[in-house]
Amino acid sequence: MNEVLSAEGRRANGIGQGRIDFTMEDVHADDATRIVRFRVAPDPRRYDKVERNGEAYYLDKYLNHLFKADELLRQCAEKAVGLPVYHLSPSIKSAPDYAAARKAALDAELRGGSYIVPAEHAVQHRSLDGGAPTKWLVFLSVDICGGTALRRADPVAFECAYKIFLRELGTVVGQFNGTILKTTGDGFIAYIDHPSFTQQCDNAIDLGLSYVLMLRESINPALAKVGLPQLRIRVGADCGDATLRQVEIPLTGYSQAEVASDALNRAVKIEQDAEDNEFRIGRGLYELIHVGWLERAEETPFDGESVGIPGYQTYRIR
């Protein structure tokens, strides 16, 4: 459901959308009419019902927003009419199980076997060059900590490890319905593009956590077995508007499509501020994720001046 964000949230996202989490019960589907009926209520994990001046309100315990109860439910019911319902689930059903399977595959490959393709489907790479010139996206920036020093110490070994790292995590991007925007020498930037911003945001959190899990449980153990350097990563994510622009230099014939986005810049800055093997997100993304992820978020110190938003908050996701 869409609601209006606080002024802080609008500034962070560049948009006026927000999120309400509900519990759902008494679901009845009619196959003939294709109508689904259900009862919803604000999720008690996220909202406390409080009284102010004799009137009932819901207090968002995470964003500190106060909603008038009857007005909130009335508006949500009105906006639900004709609202499309989207489904965007990763093909990986269990990240720990997937990591275990990939570790076995990597062990076999690094002993001299062939690359074993995962059974889980991954969406194909696609360019961000269609539709509207401005899109709302979630960006994830991933970087190898100390990559330059590792490459200098043993260039051959590092390149072998980097190839595995990029292939395995790049595959996970596709399995979470994302796309790699570009590689960065010691990492990459990915994005998720979808009509449902709630699905985008929740998938992005799951994806960022899966990066860290895959490195810890699958990639590094396999690399260690054959004496290749183990890697440490930082992951940062945020969301907002992105504009596609074409950069051209007529005299030299240079032409390149670029993405201009404050959200992209924030994701990179947040990643650079993260600790080893840590996943952090910005306030813009934090305001739009499900309460199940909010429960796993912890605010961290951050210099908001570095992204042009004094006081901008970031959160560690565990």
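Helices here are DSSP runs of H or I with at least four residues, numbered from the N terminus. Keep in mind that this is a predicted model.

**Exercise 1. Find the helix that holds S210, then work out whether S210 is buried or exposed and which residues it touches.**

Step 1: Look along helix α6, residues 197-225, and you'll find S210 there.

Step 2: Check the relative accessible area of S210, which is 5%. Buried means under 20%, so S210 counts as buried.

Step 3: Leave out residues up to four places away in sequence, and S210 touches A95, V172 and F176.

**Exercise 2. Describe how α3 and α5 pack, and which residues meet.**

Step 1: Start with the geometry. Helix α3 (residues 95-110) packs against helix α5 (residues 155-175) at about 145 degrees, and the axes are 13 Å apart. The crossing of the two is right-handed.

Step 2: List the contacts. From α3 come Y98, R102, L106, E109 and L110; facing them in α5 are I164, R167, E168, T171, V172 and Q175.

Step 3: Sort them by class. The α3 contact with α5 has 5 nonpolar, 2 polar and 4 charged residues.

Step 4: Think about the spacing. Residues three or four places apart on an α-helix point the same way, because there are 3.6 residues a turn.

**Exercise 3. Work out the strand order of the open sheet and trace its hairpins.**

Step 1: The order of the 3 strands is β3-β4-β5, with antiparallel pairing. From one strand to the next, the twist averages 35 degrees.

Step 2: Take β3 and β4, joined by 6 bridges. R52 has E55 in β4 as its bridge partner. The hairpin has 2 residues between the strands, and N53 in the turn has a positive phi of about 55 degrees.

Step 3: Now β4 (residues 55-60) and β5, joined by 3 bridges. Y57 stands opposite K68 in β5. This hairpin has 5 residues between the strands, and N64 takes a positive phi near 60 degrees.

Step 4: Finish with helix α2 (residues 69-80), which lies across β4 and β5 and runs at about 80 degrees to β5.

Conventions:
Residues numbered from 1 in each chain as written. Predicted model: local features only at pLDDT ≥ 70, side-chain atom pairs only at ≥ 80, totals over all residues. Heavy atoms only, no water. Axes fitted to C-alpha atoms, helices over the stretch in contact; angles between N-to-C directions. Left-handed = near helix turned anticlockwise from the far one by under 90°. Contact = heavy atoms within 4.5 Å. Nonpolar A, V, L, I, M, F, W, Y, C, P; charged D, E, K, R; others polar. Pairing = 2+ DSSP bridges. Buried < 20%, exposed > 50% of the residue type's maximum accessible area, 1.4 Å probe, protein only.
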